[in-house]
Amino acid sequence: MASHRRPKQPSRMRVTVLTATAAAAVALTAQSGAQAAPAKPSIDEVKSKVDKLNHEAEEATEQANLAEERRGKLQKEIGNIQDRVARGQQELNTLRDQIGSVASAQYRSGGIDPALQLFLSADPDTYLDKASAVDQLGAQQADVLSSIQSKQRSLAQQRAEATTKLADLEDVRKTLSEKKKKYQGKLAEARKLLNTLTAAEKAKLAEEERQKEQRASRDAGERLDLGNEAPASGFGAAALSAAATQLGKPYQSGAEGPNAYDCSGLTMWAYGKAGVDLTRTTYTQQNDGTKIGRSQLKPGDLVFFNGLSHVGLYAGNNTILHAPKPGASVRYESMSYMGTFQFGVRIAG
């Protein structure tokens, strides 16, 4: 007969250990989950990161502008070369027609000059290098053949130059595409950061920016009234006056006006209104005039900051007029807030 035994009950100590182990596992899981979800950045941290991204986007914008300017120059140079090649080819065809007419006349009169026959049947360079071939031709024929030889060599050089510039153009196009992607990526990253803020936080940032612009314009006006400095030149005075009509226009990467600007787009537009053709980017505008130090600045001078990534117009009394950054508008601002000053550039006139 089978025996019936009661199952052995777990000891109180074993239950306690199991309970403690389970509790520890739950605590570790909770702690791990807490580590996996980082704390939301503060509004000040977001603003700081967005400002940094905007600065990096501005650098990439100027590099893209530089590539765009280079692309335009290359396209113009290539167009000029292709025009010269087309004209040269027409001239070459005319010269060949002249030789062909001579050959036809000689054929009708009983035969073609052996040297001329050699020329017409192969590369003239092969035969014109031989004095004996030239000696057998009349002076007029020799002149025409020499012109053909010279024209062919010139066309070959121009075609080689065009090929090189076309390769350069393709490299510039790639660079331009990369820089555009870079600044668009930086701006997208900045927008993503801003979207982590609540509606109230976004409103607070917008209000701070609005108040900053008002304060900057008010303070700048006071400084300008007190400064009363003579302009750098007639061109500088005209450019500064033109730029002042654009106060409040929004910043936009790559924009040249009249509805929006980036920093070098504004300075180019302003000096254009003054009758001066500045180049397109901060990296090239630095070479459009004479470099000067901070103590030499006068209203209308170009002022460069932060490794040539930013440019504005000096407005007098430590104040600049510029297109600051994405989300801001053309405004006056103290140079004290601009970061590292590089140098000024004076446009003569």
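Let's start with strand 3, residues 310–316, and strand 4, residues 319–322: three bridges join them, and they run antiparallel. Keep in mind that this is a predicted model. Within that pair, Leu313 stands opposite Leu321 in strand 4.

Now the helices on this sheet. Helix 8 covers residues 234–244 and packs on the sheet. Helix 8 touches strand 3, strand 4 and strand 5. Its direction makes about 105 degrees with that of strand 3. Then there is helix 9, residues 263–273. Helix 9 lies across strand 2, which is 302–305, and also across strand 3 and strand 4. Against strand 3, helix 9 runs at about 50 degrees.

In what order do the six strands sit? The order is 1-6-2-3-4-5. The sheet is open, and the pairing is antiparallel. Which strands form the edges? Strand 1, at 290–292, and strand 5, at 331–334; each pairs on one side only. On average, neighbouring strands are turned by 40 degrees against each other, ignoring direction. As a reminder, strands of a sheet pair through backbone hydrogen bonds.

Last stop, one residue elsewhere in the chain. Gln158 is part of helix 6, which spans residues 139–194. Is Gln158 buried or exposed? Buried, because its relative accessibility is 14%, and the cut-off for buried is under 20%. What does Gln158 touch, leaving out residues up to four places away in sequence? Ile81, Arg84 and Val85.

Technical notes:
Residues are numbered from 1 along each chain as its sequence is written. This is a predicted model: local features need pLDDT of at least 70, side-chain atom pairs count only at pLDDT 80 or more; totals for chains, interfaces and linings use all residues. Side-chain values use heavy atoms; hydrogens and water are left out. Helices (H or I, at least four residues) and strands (E, at least two) are DSSP runs, numbered from the N terminus. Buried means under 20% relative accessible area, exposed over 50%, partly exposed in between (1.4 Å probe, protein chains only). Contact means heavy atoms within 4.5 Å. Two strands pair if DSSP finds at least two bridges between them. Axes are lines fitted to C-alpha atoms, for helices over the stretch in contact, and angles run from 0 to 180 degrees between N-to-C directions.
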